[in-house]
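Colleague: Can you walk me through this model? I have a few quick questions.

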Amino acid sequence: MIFITAKFKVKPEHAEDWPSITADFTAATRGEPGCLWFDWSRSLDDANEYVLVEAFADDDAATHHVTSAHFKAAQEQLPPHLVETPRIVNFKVAQDDWSELGELAVK
């Protein structure tokens, strides 16, 4: 799978509204074939930072994502709400779902 984590520094005046600002993009992405997950979290240390964790089944799914109409719309709509270009970690993982964190196993 293609596993991606990105950090978005949102302008303070838009931070509370970020979930609604990204709602259409999020819903459309989650509906894509091959999208395994697309989940936003807000930083506990910086209320203006959101972290996106996303995964796609394979290269074809990831390519479909970045060439979709909703991705192109997000490229136009999201940057005006940001302080800086988002930072990203993107890599391939030889699995198709989350693994258990055995060191913190719940018994």
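Colleague: Which residues does Trp-18 touch, not counting residues up to four places away in sequence?

Modeller: Trp-18 touches Phe-8, Val-10, Trp-40, Tyr-50, Leu-78, His-81 and Leu-82, where contact means heavy atoms within 4.5 Å. This is a predicted model: local features need pLDDT of at least 70, side-chain atom pairs count only at pLDDT 80 or more, and totals for chains, interfaces and linings use all residues. Residues are numbered from 1 along each chain as its sequence is written, and side-chain values use heavy atoms, with hydrogens and water left out.

Colleague: And the largest nonpolar core, which residues touch the most other members?

Modeller: Phe-8, Val-10, Trp-18 and Phe-56, out of 18 residues. Such a core is a set of buried (under 20% relative accessible area, 1.4 Å probe, protein chains only) Ala, Val, Leu, Ile, Met, Phe, Trp, Tyr and Cys residues joined through side-chain atoms within 4.5 Å. β1 gives the largest share, four residues.

Colleague: What about a second core?

Modeller: There is a separate one of six residues, including Met-1, Phe-3, Val-53 and Ala-55.

Colleague: Switching to the sheet, what is the strand order?

Modeller: β2-β3-β1-β4, open and antiparallel. Strands are DSSP runs (E, at least two residues), as are helices (H or I, at least four), numbered from the N terminus; two strands pair if DSSP finds at least two bridges between them.

Colleague: Which strands are at the edges?

Modeller: β2 (35-42) and β4 (87-92), each pairing on one side only. β2 pairs with β3 (residues 49-56) over seven bridges, and Ser-41 stands opposite Val-51 in β3.

Terms used. Buried < 20%, exposed > 50% of the residue type's maximum accessible area, 1.4 Å probe, protein only.
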